[in-house]
Amino acid sequence: MSEGEVKAESVGTVVVAGAANLAIAVAKLVAGLISGSAAMLSEAAHSVADTTTEVLLYLALRRGARPADTRHPFGYGKESYVWAFLAALFTFVAGAGFAITHGVTTILVHRHSGEYLVSYVVLGVSFVIESVSLTRAVRQVRNESRRWRTSPRRFLRLTADTTVKAVFLEDSAALVGLFLAAVGLGLSHLTGDELWDGLASIGIGLLLLVVATILAWSNLSLLVGRSVPDRLHREIERELAELPTVFRVDTLMTMLLGPEEILVAAKVDFHDQATGADIEAAADEAERRLTDRYPEIRFVFLDPTSSMPGSNGRRARRIQDQEQDHRRPGPP
């Protein structure tokens, strides 16, 4: 799958999810107003938050895909994380805040109107529509995980394409939220006690808090400047070390500049007999090898450096590895 096809699929996934959420939001709002159910109104707020999120994610894809210029030589890829971060904040504040507040209010003072049938119908239709949207997101996750030769779970955890992660998590949370709303409505219907409806609303709000926190943290990490996953890091280092004139890769640093853009910078110790022309040829060969194997790599910078004192021909410890050792107890 080419980079253009990946971007087109991401845009399509976001558009499908946005259209589904907009239609569902209207239906849930009508059902909530007719029935007076806190869970239905919270689900309506959930869908409105998801719809707004899809609009912001669409902006993230479009704004982040702009080409580099003189003022932004590395492109606008990181801007996509700004919009995705704002989408997570909106879900956190608007969706979760409304659901929890309305649930508490329902438990304390609200009385249900008793019109349950329309809510059940809307929940059933919403479940079908959300399932269609989630199916598309799952298909994209599987396609891209195969492209990166990893598992779907690992892809979702490490991917720099936060729009795919956002749609997958939001659609999954939507199905769970619909289940909670159905359980809350059903128990209130059977017992006549609005406690269950209010608790379902609070549960939906807490679910949104979890999703928003995960997405906000992921986008914040990418905004700060995250390296590529360990396995890809090792493969890039291996490609550089196999160049004929390279003696050792002293330091390798990488950064995700956007969903499909990677920067590679390395301090390389060339053989002593290598000439300036040899080093230039090695730099060109390194860029060709890396970009052919990984089209997402956009920039490759090699800094010729002398042997590190005390290395005795052994590979120097990488700065990036040292940082990762502090974050994880062991290798992946």
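The model is a predicted one, and every value given for it is computed from its atoms. Helix 8, which covers residues 230-241, and helix 9, which covers residues 276-293, have axes that come within 10 Å and cross at roughly 145°. The crossing of these helices is right-handed. On the side of helix 8 the contact is made by Glu235, Ile236, Glu239 and Leu240, while helix 9 contributes Ala286, Arg289, Leu290 and Arg293. Sorted by class, these residues comprise four that are nonpolar, four that are charged and none that is polar.

Some of the charged residues at this contact also take part in salt bridges, of which the count comes to 16.

| Pair | N to O distance |
|---|---|
| Arginine 293 and glutamate 235 | 3.8 Å |
| Aspartate 269 and arginine 248 | 3.3 Å |
| Glutamate 285 and arginine 289 | 3.0 Å |

Arginine 293 is partly exposed at 38% relative accessibility, whereas glutamate 235 is buried at 13%. Aspartate 269 lies in strand 2 (residues 261-270) and arginine 248 in strand 1, so this pair ties together parts that are 21 residues apart in sequence. Aspartate 269 is buried, with a relative accessible area of 3%, and arginine 248 is buried as well, at 4%. Glutamate 285 and arginine 289, by contrast, both lie in helix 9, four residues apart, which is about one turn of the helix. Glutamate 285 is partly exposed at 24% relative accessibility, and arginine 289 is partly exposed at 23%. Elsewhere, Glu144, Arg147, Glu260 and Glu296 are linked in a network of salt bridges.

Two further residues deserve a look. Glutamate 170 is placed in helix 6, residues 162-191, and is buried, with a relative accessible area of 2%. Beyond its neighbours within four places in sequence, glutamate 170 is in contact with His46, Asp50, Thr53, Glu54, Thr91, Val211 and Leu215. Its C-alpha atom is separated by 8.3 Å from that of leucine 208, although glutamate 170 and leucine 208 are 38 residues apart along the chain.

Threonine 245 sits in the loop between helix 8 and strand 1 (246-258). With a relative accessible area of 19%, threonine 245 counts as buried, because that value is under 20%. Residues up to four places away in sequence aside, threonine 245 touches Phe270, His271, Ala274, Asp278 and Ala282.

Technical notes:
Residues are numbered from 1 along each chain as its sequence is written. This is a predicted model: local features need pLDDT of at least 70, side-chain atom pairs count only at pLDDT 80 or more; totals for chains, interfaces and linings use all residues. Side-chain values use heavy atoms; hydrogens and water are left out. Axes are lines fitted to C-alpha atoms, for helices over the stretch in contact, and angles run from 0 to 180 degrees between N-to-C directions. Helices (H or I, at least four residues) and strands (E, at least two) are DSSP runs, numbered from the N terminus. A crossing is left-handed if the near helix is turned anticlockwise from the far one by less than a right angle, and right-handed if clockwise. Contact means heavy atoms within 4.5 Å. Ala, Val, Leu, Ile, Met, Phe, Trp, Tyr, Cys and Pro count as nonpolar, Asp, Glu, Lys and Arg as charged, and the others, Gly among them, as polar. Buried means under 20% relative accessible area, exposed over 50%, partly exposed in between (1.4 Å probe, protein chains only). A salt bridge is a side-chain nitrogen of Lys or Arg within 4 Å of a carboxyl oxygen of Asp or Glu.
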